[in-house]
Amino acid sequence: LNIQRNPLCGRNFEYYSEDPEVAGRMASGLSKGIQANHVSACPKHFALNSQELRRQASNSVVDERTMRELYLTAFEIAVRQARPWSIMTSYNQINGVYAHENPHLLQDILRQEWGFDGMVVSDWGGSNSAVAAVKAGGSLEMPTPGFTSVRELVAAVRAGTLSQADLDARAAEVAKVARLTATAGAGRSNVLSEESIEAHHALARKVAERSLVLLRNEHGVLPLRHGARVAVIGDMARSPRFQGSGSSTVNATRRESLLNELRGSDAVSVTGYQQGYERQGGDNRVLIEDAVALAGQEGTDVIVAAIGLDERSESEGLDRSTMELPKAQNDLIAALQATGKPLVVVLLAGSPVETPWIERTDAVLFMGLSGQAGASAAVNVLTGAVNPSGHLAQTWPIRYADCPSQGWYPAIGRDAIYREGPFVGYRYYQTAGIPVRFPFGYGLSYSTLTS
């Protein structure tokens with residue numbers, strides 16, 4: 001639920017949006033669905049987890065207005081609408097106090113103002129003092145601390161520095177979640193049947209089809225005409241990237257590739273495939289030359305090039321160093337443009353990237369990180385079986401230098417000062433009159449509207 005404060009945040013691919021209303025309403029719906037299955041929803045990271053650098057030691061320094069209007073609103077919507085049974089605190093300090101031991105955050109706001117009566121769980125290793133956490137409203141320390149924290153709590157109660165009532169309240173919150181989730185999975189097998197796998201994959205495809213964003217479509221290049229001869233370029237067309245790295249990684253039941261899905265399509269024919277670039281960004285002119293040779297063949301009607309950010313670029317624990325794509329990929333796109341053939345770029349990334357080549361490219365389809373069925377969903381969009389309808393939940397600046405927080409993000413010292421205040425994303429670009437590549441909410445379709 002954290003706000004996409006800056007395009008370089010390493011976990012932007014996990015965050016819903018730069019807008020708290022969008023994030024809160026999406027989280028509310030998801031939480032209700034999770035808890036309908038007797039599983040506790042656990043919105044995280046509460047709160048102001050805006051950078052991965054020094055995430056376990058940084059201190060988010062923010063004024064009350066900015067904190068409430070921008071960074072807490074999504075959590076408030078989810079808590080009030082969905083009443084999640086648990087919530088996870090962030091690693092960082094907030095104005096000098098760690099989130100899991102922060103009474104203003106956990107007591108004044110979360111419990112007293114919003115009426116949260118569930119369990120507050122620490123991020124893994126995010127509890128610094130068991131006694132301070134219990135006083136502040138922190139219910140559960142993860143991972144298990146052994147007997148160290150227990151001894152500290154018992155000693156504090158005996159010494160009169162911690163009330164028995166606070167300790168009992170925290171224990172009751174944990175026990176409540178245990179009761180609410182006691183029947184989760186009852187009577188179900190842990191092994192998915194083939195029928196279930198197929199149904200889930202179809203649902204994943206449906207979600208992806210509704211989420212892909214058409215960023216550009218000049219001269220009606222898309223949808224691809226029936227029978228079009230397509231040259232497929234790009235390492236990510238063969239070896240897809242459909243999820244981010246870190247603790248969000250899941251084991252897919254299936255893995256699709258854009259290349260195989262295009263080859264299996266009855267709508268187009270694939271004239272060939274070339275890698276085009278080294279996935280980790282190495283300079284290899286031979287790969288570009290081979291791609292250009294395929295694209296320039298007389299038998300090629302249109303080029304589909306899959307490019308994007310690699311697995312190391314978007315991950316828990318680190319932030320991106322640049323908003324640029326690897327130079328090898330930009331060089332490839334420039335070389336393909338020089339062939340004069342219609343060029344469709346399929347972009348795989350979990351957050352905005354700079355696109356210096358876009359005005360000379362016929363069409364761009366943003367896949368994001370679209371899950372295990374994203375490739376077949378993309379082919380359905382490219383061929384017109386599905387009309388694209390996705391919209392961007394984050395503003396794409398033309399260049400990173402245009403970002404309001406670019407001068408102090410990420411903070412390399414202890415204090416991460418939110419100097420930009422509430423002027424994040426469209427709030428800044430619209431107020432300051434800064435041109436953007438794509439505005440918040442942008443997304444094209446194949447529909448044509450006439451007045």
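The points below cover sheets, a serine site and aromatic rings.

This is a predicted model, in which local features need pLDDT of at least 70 and side-chain atom pairs count only at pLDDT 80 or more, while totals for chains, interfaces and linings use all residues. Residues are numbered from 1 along each chain as its sequence is written, and side-chain values use heavy atoms, with hydrogens and water left out.

**Six-stranded sheet**
- An open sheet with mixed pairing is built from 6 strands in the order S6-S11-S10-S9-S7-S8; strands are DSSP runs of E with at least two residues, helices are runs of H or I with at least four, and both are numbered from the N terminus.
- Its edge strands, each pairing on one side only, are S6 (213-217) and S8 (268-274); pairing requires that DSSP finds at least two bridges between two strands.
- Strand S7 (residues 228-233) pairs with S8 in the parallel sense over 6 bridges, and Val230 stands opposite Val270 in S8.
- Helix H12 (residues 327-337) packs on this sheet, touching S7, S9 (302-308) and S10, and its direction makes about 170° with that of S9; axes are lines fitted to C-alpha atoms, for helices over the stretch in contact, and angles run from 0 to 180 degrees between N-to-C directions.

**Ser351**
- Ser351 lies in the loop between strand S10 (343-348) and strand S11 (363-366).
- The relative accessible area of Ser351 is 3%, which means that this residue is buried (under 20%; exposed is over 50% and partly exposed in between, with a 1.4 Å probe and protein chains only).
- The side chain of Ser351 makes polar contacts with the side chains of Glu314 (2.8 Å) and Arg320 (2.8 Å); such a contact is a pair of N or O atoms within 3.5 Å, where within protein one must be able to donate a hydrogen and the other to accept it, and residues adjacent in sequence count only if both atoms are side-chain atoms.
- Not counting residues up to four places away in sequence, Ser351 touches residues including Pro7, Leu309 and Trp396 (heavy atoms within 4.5 Å).

**Aromatic rings**
- Phe366 and Trp396 form an edge-to-face pair, 5.0 Å centre to centre with 80° between the planes; rings of Phe, Tyr and Trp (its six-membered ring) pair if their centres lie within 6.5 Å, with planes under 30 degrees apart stacked, over 60 edge-to-face and the rest tilted.
- Trp396 and Phe438 are also edge-to-face, at 5.9 Å and 75°.
- Phe366, Trp396, Phe438 and Tyr442 form one aromatic cluster.
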